[in-house]
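Work through the exercises below with the sequence and the model side by side. Each task is followed by a solution in steps.

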Amino acid sequence: MKPFCTLRSNLRNAFLFSLISLALSSSALQAEGAASETVHLRGGVFRLTGTMANSTALSGADGTLLVDSGQNETEAKAMLAAIQTAGLGPVDYLVNTHRHYDHVAGNAVFGSGGAAIIATPSVRESLATNPILPNVPLLPSVALPSICFDKELTLFFDGEVVSLYHPQGPAHTEGDLVVYFRHADVLATGDILFWGMYPYIDPAGSAPGMATALREVAAMIDGNTIVVPGHGPLTDRKGLLLAADMLEDVSQTVARLAAEGKTLPEIIAAHPSARWDEAFGKGFMSPDNFVQLVYNTLPANTGKAK
Ligand SMILES: [Zn+2]
């Protein structure tokens with residue numbers, strides 16, 4: 001594993017500050033409170049309500065597998081209570097779709113309860129060496145992923161075939177994974193997909209990278225698949241592909257304007273996202289902020305090879 005870069009970490013923290021500010025001022029991403037309920041989707045798969053990021057669970061005779069642990073321990077405990085209230089089995093596995101705090105902050109609640117935590121190697125590296133938010137302690141060891149894989153991992157659990165897949169990246173971050181419950185035909189995307197809103201993109205990610213990841217994942221599913229995005233309401237393969245179209249179109253337009261020598265204020269003034277604002281521009285991130293984020297994560301502006 002590569003040593004962690006301090007400069008990149010500071011940059012990441014700066015972006016996370018921005019994300020937190022956006023999230024706290026937003027109604028679209030606000031947590032509904034500490035209460036959570038299970039809502040059946042299909043087969044043995046449920047979603048959990050009341051959390052800032054979407055969490056999904058598989059339950060059956062073997063126990064429960066949970067995808068993402070909430071933005072804090074309050075959300076995690078609410079989800080655990082909802083799972084217990086619904087009579088579902090103990091959480092044996094917790095999957096982290098990526099390293100952002102709103103998907104991992106509740107890890108200790110489930111790890112201390114005996115769940116094995118699964119993630120990509122870079123997620124474990126990041127959580128072991130960097131606070132998930134500025135000025136908070138590192139997560140305890142019980143909250144760290146203990147099972148890591150590079151590209152693909154298949155779990156046979158509760159009669160399901162659960163495919164964990166790391167799409168080509170960097171996408172939303174450098175270490176995203178999706179969870180596909182093959183029998184139930186439900187896909188939990190993590191944050192490579194925000195539905196009904198412009199997405200946040202980590203400084204380690206990029207808009208074209210997210211689009212590439214979405215198209216890669218779209219090839220795994222069909223029109224009947226229930227798609228659970230990282231944030232926003234349920235959607236399907238068409239929604240996933242529409243988000244990929246949006247990301248490609250906006251990033252290509254922004255890159256072209258930048259190549260023509262336009263400054264960021266000039267690019268924002270040109271409204272390169274205009275045709276997508278009706279569908280994506282009413283969430284926590286304004287069209288102008290999204291254009292700025294796309295610009296900042298263009299390979300030419302991050303200094304990183306993509
Ligand atoms: Zn995220």
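**Exercise 1: Tyr-295**

Leaving aside neighbours within four places in sequence, Tyr-295 is in contact with Val-254, Ala-258, Leu-264, Ile-267 and Asn-301, where contact means heavy atoms within 4.5 Å. The model is predicted: local features need pLDDT of at least 70, side-chain atom pairs count only at pLDDT 80 or more, and totals for chains, interfaces and linings use all residues. Residues are numbered from 1 along each chain as its sequence is written, and side-chain values use heavy atoms, with hydrogens and water left out.

Task: In which helix is Tyr-295 found, and is Tyr-295 buried or exposed?

Solution.
- Step 1. Tyr-295 is found in helix α10; helices (H or I, at least four residues) and strands (E, at least two) are DSSP runs, numbered from the N terminus.
- Step 2. The relative accessible area of Tyr-295 is 18%, so this residue is buried. Buried means under 20% relative accessible area, exposed over 50%, partly exposed in between (1.4 Å probe, protein chains only).
- Step 3. Val-250 is 45 residues from Tyr-295 in sequence, and the C-alpha to C-alpha distance is 9.6 Å.

**Exercise 2: the nonpolar cores**

Task: How many residues has the largest nonpolar core, and which helix supplies its largest share?

Solution.
- Step 1. Apply the definition: a nonpolar core is a set of buried Ala, Val, Leu, Ile, Met, Phe, Trp, Tyr and Cys residues joined through side-chain atoms within 4.5 Å.
- Step 2. The largest such core has 44 residues, and those with the most contacts inside it include Leu-187, Leu-247 and Phe-290.
- Step 3. At least two residues each come from β10 (178–181), β11, α6 (207–218), α7 (237–259), α8 (264–269) and α10 (287–296).
- Step 4. With eight residues, α7 gives the largest share of this core.
- Step 5. Not counting residues up to four places away in sequence, Phe-290 touches Tyr-198, Pro-199, Ile-201, Met-246, Leu-247, Val-250 and Met-285.
- Step 6. Another core, of 20 residues, lies apart from the largest one; Leu-65, Ile-118, Leu-155 and Leu-164 are among its members.

**Exercise 3: the zinc ion**

Task: Which protein residues are donors of the zinc ion, and why is the arrangement of the four donor atoms irregular?

Solution.
- Step 1. Collect the donors, which are N, O and S atoms within 2.8 Å of the metal (3.2 Å for Na, K and Ca); water is not among the atoms, so sites may look incomplete.
- Step 2. The protein donors are His-98 (NE2), His-100 (ND1), His-172 (NE2) and Asp-191 (OD), lying 2.2 Å from the zinc ion.
- Step 3. The donor atoms subtend angles of 87 to 167° around the zinc ion, and therefore the arrangement is irregular. Four donors count as tetrahedral if all angles lie between 85 and 135 degrees; four count as square planar and six as octahedral if opposite donors are over 155 degrees apart and all others between 65 and 115; anything else is irregular.
- Step 4. The sequence spacing of the donor residues is H-x1-H-x71-H-x18-D.
- Step 5. Distant parts of the chain are linked by a pair 93 residues apart: His-98 in the loop between β5 (91–95) and α3 (101–104), and Asp-191 in strand β11 (residues 186–194).
- Step 6. His-98 counts as buried because its relative accessibility is 0%; Asp-191 counts as buried at 2%.

**Exercise 4: the open sheet**

Task: What is the strand order of the open sheet, and which strands stand at the edges?

Solution.
- Step 1. Two strands pair if DSSP finds at least two bridges between them.
- Step 2. The sheet has seven strands with mixed pairing, in the order β1-β2-β3-β4-β5-β6-β7.
- Step 3. β1 (38–42) and β7 (147–148) stand at the edges; each has a single partner strand, so one side of each has no neighbour in the sheet.
- Step 4. β5 and strand β6 (residues 116–119) run parallel and are joined by three bridges. Tyr-93 stands opposite Ala-116 in β6.

**Exercise 5: backbone and a buried side chain**

Task: Where is the cis peptide bond, and what lies 2.9 Å from the backbone oxygen of Ala-143?

Solution.
- Step 1. The cis peptide bond joins Gly-169 and Pro-170, with omega about -5°. Pro-170 lies in the loop between β9 (160–165) and β10.
- Step 2. A polar atom of the Asn-107 side chain lies 2.9 Å from that oxygen of Ala-143. Asn-107 lies in helix α4 (residues 107–111) and is buried, with a relative accessible area of 0%.

Conventions: Polar contact = N/O pair within 3.5 Å; in protein donor to acceptor, adjacent residues only side chain to side chain.
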